[in-house]
Structures are given as C-alpha cells and as structure tokens.
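Have a look at the sequence and the model first.

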Amino acid sequence: MQRLVDWWDRHQVALYVAAILFGGVFGVLAPSASPVLTAATNPVLAVLLFATFLGVPLVEVGRSFRDLRFLGTVLAVNFVIVPLIVWGLSRFVADDRGLLIGVLLVLLTPCVDYVIVFTGLAGGAKARLLAATPLLMLLQIVLLPAYLWLFAGGEAVAHIELEPFIEAFVIIIVIPLIAAAIVQAIARRHQAGRAIEHVMAGAMVPLMMLTLTVVIGSQIAALGSEALTLLRVVPLYVAFLVVMPLVGLAAGRLSRLTVPETRAVIFSGATRNSLVVLPLALALPAELAIAPLAVVTQTLIELVGMVVFVRLVPKLIPDPQRAGLIRLHQPDS
C-alpha cells in the first residue's frame with residue numbers, strides 16, 4: 001500500500017493532467033452525465049477538504065489567527081490589488097454585459113476550497129491559509145456587490161443572491177472541518193482515529209484526481225455552443241494567472257513573509273471561487289446566459305494553471321533551507 005502511495009506522490013502532476021483530460025473527454029462524449037457530475041461536485045470537494053483538514057493540526061490553525069502580517073497580506077492582495085487588476089482586464093469585455101458580469105463574478109472572489117490542497121502540494125502554509133478562509137468568505141460576500149456596482153452598474157447587483165455562498169461554505173468548509181476536528185480528537189486516544197488519518201492521507205492524490213475529473217466532466221459540454229464567444233475571455237484568465245505569482249511574490253517580500261507563507265499568498269491570489277459563484281451566475285436572467293459559461297471557462301483554465309503552479313511556485317520561491325541541504329550533500333568538485 002505504501003509503495004502505491006509513494007508512486008502516486010511521485011507522479012501526482014502527470015496524474016492530475018490525466019484526470020483533467022479524462023474529465024474533458026468524458027464530459028464531451030457523455031453530456032447527459034453532466035447533471036449527475038454537477039450534483040457530485042460539492043460532496044467530492046467536501047471529502048477532499050476533509051482529507052486536507054485531517055493533515056493540518058487544528059491547534060496550528062488556531063495559532064495562525066494571530067498571524068496578522070500574513071492575514072493582512074492575503075486580504076490586501078485579494079481585496080485591494082486583485083480588484084484593480086480585474087477592473088483593467090474586464091474592460092476588454094465591457095461591451096458584452098454577460099461576459100463582463102461572468103468575468104467579474106469569478107475573478108473578484110478568492111477561492112476557499114481546493115486552494116488549500118494546491119497550496120499544500122506546493123509546500124505553502126496551508127494551515128495559515130485555512131485560518132484565513134472565514135475572513136475571505138465573509139469579505140467576498142460583503143464586497144462583491146460593491147465591486148459589481150462599481151465595475152458593472154447597479155443592475156448587476158440586483159440579480160445576485162448570496163445563499164449559494166453560505167450553502168457552499170457550510171458544506172465544503174464547516175462540515176469537513178468539524179469532522180476533521182472530531183477524528184483528530186479520537187486519534188489522540190484510539191487507534192481507529194489514527195487509521196482514518198492514515199487512510200485519508202494516502203487517498204489525497206486519488207481524491208484530487210476525482211475532483212478534477214468531476215469538475216471538468218460536469219462543465220465541459222456546456223461550452224461547445226458558445227466557444228467562439230468565450231475565446232474572448234481566455235486571454236484574460238491566462239493573463240490573470242501570469243500576473244498573480246508576481247503580485248504574490250512582491251506582496252510576500254514587502255511583508256517579509258516566510259517562503260511557505262509567500263507561496264500561500266500566491267495561490268490565494270491566483271485561485272478563484274468559481275465553484276461557489278457558478279450558482280450565482282446560473283441564477284442570472286436569460287439575457288446574461290453567457291455569464292455562467294464565462295465562469296466555467298475560468299474553472300477549466302485555472303485547474304490546468306494550478307497543476308502548473310504546483311511545480312512552478314516552489315521554483316519561483318525556493319526554500320533556502322532545502323537548497324542549503326542540497327548543496328551540503330553535493331560532492332566537492
């Protein structure tokens with residue numbers, strides 16, 4: 001069993017790419033399965049986050065609440081710098097109200113679910129990012145209507161319902177977090193709890209593959225009929241992913257964050273809350289039907305981008321202690 005887990009860990013990036021491709025092919029060949037996969041998205045995410053939370057000592061999360069420098073940097077990046085970037089990018093689709101609202105919905109809302117998983121895979125401070133999750137969720141609920149009003153006008157705000165935010169937060173974050181806390185408490189006294197922790201730790205890569213397959217498979221078929229129109233937003237989403245590592249790196253250095261914290265800031269700034277805002281976009285009037293497809297397009301591009309980020313970010317921000325150990329083990333020339 002351990003050999004299989006080690007193999008998964010060594011080949012995880014290739015396996016994630018394969019899961020994305022499989023989900024895309026399956027979604028195209030079996031579009032009738034889309035409703036089932038869509039319904040499975042939140043439960044699959046909840047299980048993935050449960051496994052992630054089990055690997056994070058919740059005592060460490062409590063301590064992270066006191067790290068005001070990190071929290072301040074994450075909030076400044078997501079709610080000051082990102083809106084400025086999004087405003088600039090959104091001007092390229094300002095003539096199409098549906099595309100504009102779709103782009104604003106997805107890019108103005110920071111991710112609170114699988115960002116923690118990708119941050120951990122890249123050696124980032126996932127416990128600190130987990131501690132920031134309630135604030136990120138609360139502030140995006142409060143600030144999203146204000147930013148929509150500024151960037152798209154008051155009519156856009158009138159169509160937004162906040163219930164999906166609250167529902168997703170409870171299902172994807174609160175319930176898995178409470179379940180993980182219970183298992184961790186049991187594990188301190190009983191072997192059964194430690195066995196659950198061991199099994200879930202070994203299942204992280206397959207769970208991420210399942211999540212990628214379900215998300216891609218559930219959404220890919222919907223894009224076909226509007227593919228040409230949606231090509232307009234692709235460069236905007238790619239540009240966002242290109243810019244955000246530089247923004248996160250600069251913010252981390254300015255705030256004098258550690259390497260894991262800076263990596264976490266990069267992932268928090270680059271990943272968006274697409275799976276949560278999608279129900280908001282689907283609830284828009286028929287004349288704005290392109291908006292949810294713009295959100296889905298961002299999801300597809302971001303997931304591919306996160307697979308790249310898992311390898312890229314550790315190289316962009318190397319751990320000096322690890323680099324020093326490697327140099328110590330190199331033979332003298």
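Ser255 sits in the loop that links helix 14 (234-254) and helix 15 (259-270); helices here are DSSP runs of H or I with at least four residues, strands are runs of E with at least two, and both are numbered from the N terminus. The side chains of Ser255 and Thr73 are joined by a polar contact of 2.8 Å. A polar contact is a pair of N or O atoms within 3.5 Å; within protein, one atom must be able to donate a hydrogen and the other to accept it, and residues adjacent in sequence count only if both atoms are side-chain atoms. Leaving aside neighbours within four places in sequence, Ser255 is in contact (heavy atoms within 4.5 Å) with Arg69 and Thr73.

A word on the source: this is a predicted model, in which local features need pLDDT of at least 70 and side-chain atom pairs count only at pLDDT 80 or more, while totals for chains, interfaces and linings use all residues. Residues are numbered from 1 along each chain as its sequence is written, and side-chain values use heavy atoms, with hydrogens and water left out.

Another loop residue is Pro318, found between helix 17 (290-316) and helix 18 (320-329). Pro318 is partly exposed, with a relative accessible area of 48%; buried means under 20%, exposed over 50% and partly exposed in between, using a 1.4 Å probe and protein chains only. Beyond neighbours within four places in sequence, Pro318 is in contact with Val259 and Arg263. Pro318 and Arg263 are 55 residues apart in sequence, with 9.6 Å from C-alpha to C-alpha.

Stepping back, the protein chain has 18 helices and zero strands. Of its 333 residues, 52% are buried. Among contacts with a separation of 6 or more, 86% are between residues 24 or more positions apart.

Now to helix packing. Two packed helices are described by the angle between their axes and the distance between the axes. Axes are lines fitted to C-alpha atoms, for helices over the stretch in contact, and angles run from 0 to 180 degrees between N-to-C directions.

| Helix pair | Angle | Axis distance |
|---|---|---|
| Helix 3 (residues 34-54) and helix 7 (residues 114-121) | roughly 45 degrees | within 9 Å |
| Helix 11 (residues 191-202) and helix 12 (residues 204-219) | about 55 degrees | 4 Å |

The angle makes helix 3 oblique to helix 7: under 35 degrees counts as roughly parallel, over 145 as roughly antiparallel, 65 to 115 as roughly perpendicular and the rest as oblique. Leu45, Leu48, Leu49, Thr52 and Phe53 of helix 3 meet Tyr114, Ile116 and Val117 of helix 7. By class, this contact has seven nonpolar, one polar and no charged residues. Nonpolar covers Ala, Val, Leu, Ile, Met, Phe, Trp, Tyr, Cys and Pro, charged covers Asp, Glu, Lys and Arg, and the others, Gly among them, are polar.

Helix 11 and helix 12 are also oblique to each other. Met200, Ala201 and Gly202 of helix 11 touch Met204, Pro206 and Leu207 of helix 12.

Helix 12 also holds Thr213, which is buried at a relative accessible area of 16%. Apart from neighbours within four places in sequence, Thr213 is in contact with Ala19, Phe22 and Gly23.

Finally, which residue caps the N-terminal end of helix 6? Asp96 does, with a side-chain oxygen 3.1 Å from the backbone nitrogen of Gly98. Helix 6 (residues 97-107) is mostly covered, with ten of its eleven residues buried.
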